[in-house]
Amino acid sequence: MSFPKTFEELGLSADTLAALQQKGFTEPSPIQAQTIPLLLAGDTDVVGQAQTGTGKTAAFGLPLIERITTIADTPQAIILAPTRELAIQVAEEINTFQTKRKLRITAIYGGQSIVEQIRQLRRGIDIVVGTPGRILDHLERKTINLSNVKFVVLDEADEMLNMGFVEDIETILEHVPDERRMLLFSATMPDRILQLARNYMGTYKLVSVKSKQLTTELTRQVYYEIKPNDKLTALCRVIDFDVEFYGIVFCNTKANVDEVTEQLASRGYAAEALHGDISQNQRERILQKFKAKQVNIVVATDVAARGIDVNNLTHVINYSLPHDPEVYVHRIGRTGRAGREGTAISFVSRADRRKLDFIEKVAKAKIQRAQLPSVKELIGTKKTRIIDEVLNEVKNGVHFTYSNIAEELLAESDPVSLVASILKLSYQNELDPNNYIEVEPDLVSSKDDRKKTKKKVKLNIELGRKDDFTFKKLIHLIENGLRIKGLPSRDVQVFDRSSFVICFEDEANRIAEYMERQYGKVTRQRKQLVYISAVK
Ligand code: ADP
Ligand code: MG
């Protein structure tokens with residue numbers, strides 16, 4: 001089946017086409033191409049599903065503008081949305097679809113003065129966009145009259161269900177004439193949504209735009225095995241590692257969002273929290289700061305993050321893995337947009353393993369295991385950055401205000417000590433390894449591993465007592481660091497110049513990987529720090 005390729009072909013009026021041109025919409029998105037003709041004609045109910053950011057607002061908003069022709073005293077369409085932010089966004093977006101004709105469109109939500117809302121409702125509104133709670137409030141006060149409503153739209157229906165609005169919605173529907181036309185839009189289509197559709201829509205048309213690919217190729221998806229207690233350190237490491245870090249950190253609960261934000265703020269990071277308890281004003285201020293990059297980290301719950309439309313995020317961090325694979329897809333869909341590459345990082349503890357497998361399977365995502373940058377690597381990149389910054393400043397030209405002092409200083413001290421002291425003054429302890437905590441991965445317990453593999457190997461390590469490497473160090477690393485337990489002590493030996501461990505192959509790989517990482521520089525110098533040879 002082919003769908004109209006232009007807005008003209010969809011059958012929109014000249015006025016609306018002009019508005020779209022002004023907005024810079026050149027062609028309809030798939031969900032728009034498929035639902036708009038359906039809504040402009042006839043009277044079937046419609047359930048529309050398409051990913052976030054695919055233009056669902058216009059898919060129902062444009063037909064509403066076209067089909068509501070009279071200016072009446074009471075609302076002719078009611079759109080329900082899960083949050084204030086979304087209600088405002090939808091009202092604003094639909095308002096921009098009209099040029100000459102001025103249907104009155106207003107967002108009605110909690111937290112805003114109810115008296116002012118009552119005044120607006122009295123003056124007359126054609127399209128109401130509201131959060132269920134506040135609409136219900138008005139119904140109880142009899143300050144809103146829905147008896148003239150011809151269209152009911154449930155926007156972000158999945159989210160409204162998640163937030164427990166079902167009963168509110170049902171009560172609202174009781175106040176709307178039975179002949180109303182009902183539209184339901186959602187990014188995901190769990191059974192509960194179809195159930196709601198069946199209950200309230202009789203016969204309906206389902207328009208579902210399946211995204212070809214659930215996740216974008218521009219997003220690199222990795223996970224780090226992190227113990228719950230190390231998550232904060234790991235988060236700081238990720239942020240420190242990328243000077244350009246600009247991302248959203250997702251947590252599953254409000255309390256967790258607050259805790260992480262506070263911890264980040266107390267460590268000097270520019271982070272803000274977004275969740276349902278943040279006031280509307282506050283929220284708008286935060287979003288503005290985030291867009292302006294005055295704040296480069298937003299810690300958020302899923303619902304609160306819905307309204308954020310920022311295209312150039314470098315990172316999405318799953319501080320906690322979501323329970324629902326679709327939520328995972330939504331989260332990571334916020335990076336890798338507009339042709340820019342992004343990274344989605346999930347912190348996965350041992351307890352999360354199954355959840356991760358489930359997400360990978362359902363979301364058809366390839367999430368690769370990766371290593372959190374070590375303290376060494378972090379300091380390495382920081383060094384490079386400092387050198388870049390300083391040389392860049394040198395390139396910027398002579399700093400007359402400082403050149404006299406520079407000469408005085410050079411007369412007093414040798415250049416190396418001088419530059420080093422100045423670096424110390426500007427970068428303080430940034431390069432001091434003692435400032436950072438090494439994080440060991442939270443690996444699957446070796447019992448499980450032992451069941452999976454049988455082959456034992458001998459891992460030779462070219463490090464010995466001469467290198468200050470001791471049996472104690474090695475066994476500590478194996479048992480505490482890598483959680484490989486129960487190796488007989490004869491299988492772990494440290495000599496003067498070398499050491500070995502006899503263990504299962506995957507364990508050997510992990511030890512080797514760790515050794516490479518920890519003693520990276522040595523590897524390069526000695527060519528072969530570790531090698532593995534199979535034991536028969
Ligand atoms: P959804 O509700 O599906 O998440 P929105 O309706 O919020 O998506 O639209 C996402 C963004 O895309 C908005 O900024 C909107 O103005 C823009 N948009 C929608 N349709 C088009 C189009 N046909 N062409 C260009 N931009 C569009
Ligand atoms: Mg939407």
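This is a predicted model: local features need pLDDT of at least 70, side-chain atom pairs count only at pLDDT 80 or more; totals for chains, interfaces and linings use all residues.
**View 1. The residues around ligand 1.** Let's start with the ligand and its neighbours. The shell around ligand 1 holds 14 residues, and those that come nearest are Q32, G53, K56, T57 and E93. Sorted by class, this shell has eight polar residues, three charged and three nonpolar.

**View 2. Polar contacts of ligand 1.** Here we look at single atom pairs. A polar atom in the side chain of T57 lies 2.6 Å from an oxygen atom of ligand 1. Q32 also uses its side chain, with an N or O atom 2.8 Å from a nitrogen atom of the ligand. E27, by contrast, takes part through its backbone: one of its backbone N or O atoms is 2.9 Å from a nitrogen atom of ligand 1. As for the ligand's surface, ligand 1 taken alone exposes 570 Å², and the protein buries 72% of that.

**View 3. The salt bridge between E93 and K23.** E93, one of the residues that come nearest to ligand 1, also forms a salt bridge with K23, and their closest N and O atoms are 3.4 Å apart. Because E93 lies in helix α4 (residues 84-95) and K23 in helix α1 (residues 14-23), this pair ties together parts that are 70 residues apart in sequence. Both partners are partly exposed: E93 has a relative accessibility of 25%, and K23 has a relative accessible area of 29%.

**View 4. The salt bridge between D137 and R141 in helix α6.** Now for a pair within one helix. D137 and R141 form a salt bridge whose closest N and O atoms are 3.3 Å apart. The two residues are four apart in helix α6 (residues 132-141), so about one helical turn separates them. D137 is partly exposed at 25% relative accessible area, and R141 is partly exposed too, at 45%.

View 5. D357 counts as partly exposed at 39% relative accessibility, as does R353 at 23%. Look around this pair as well: a network of salt bridges links D357 and R353 with E225 and R369.

Technical notes:
Residues are numbered from 1 along each chain as its sequence is written. Chains are lettered from A and ligands numbered from 1 in the order in which they are written. Side-chain values use heavy atoms; hydrogens and water are left out. A residue is near a molecule or strand if one of its heavy atoms lies within 4 Å of it. A polar contact is a pair of N or O atoms within 3.5 Å; within protein, one must be able to donate a hydrogen and the other to accept it, and residues adjacent in sequence count only if both atoms are side-chain atoms. Accessible areas come from the Shrake-Rupley method with a 1.4 Å probe; for residues, only the protein chains shown count as cover. Ala, Val, Leu, Ile, Met, Phe, Trp, Tyr, Cys and Pro count as nonpolar, Asp, Glu, Lys and Arg as charged, and the others, Gly among them, as polar. A salt bridge is a side-chain nitrogen of Lys or Arg within 4 Å of a carboxyl oxygen of Asp or Glu. Buried means under 20% relative accessible area, exposed over 50%, partly exposed in between (1.4 Å probe, protein chains only).
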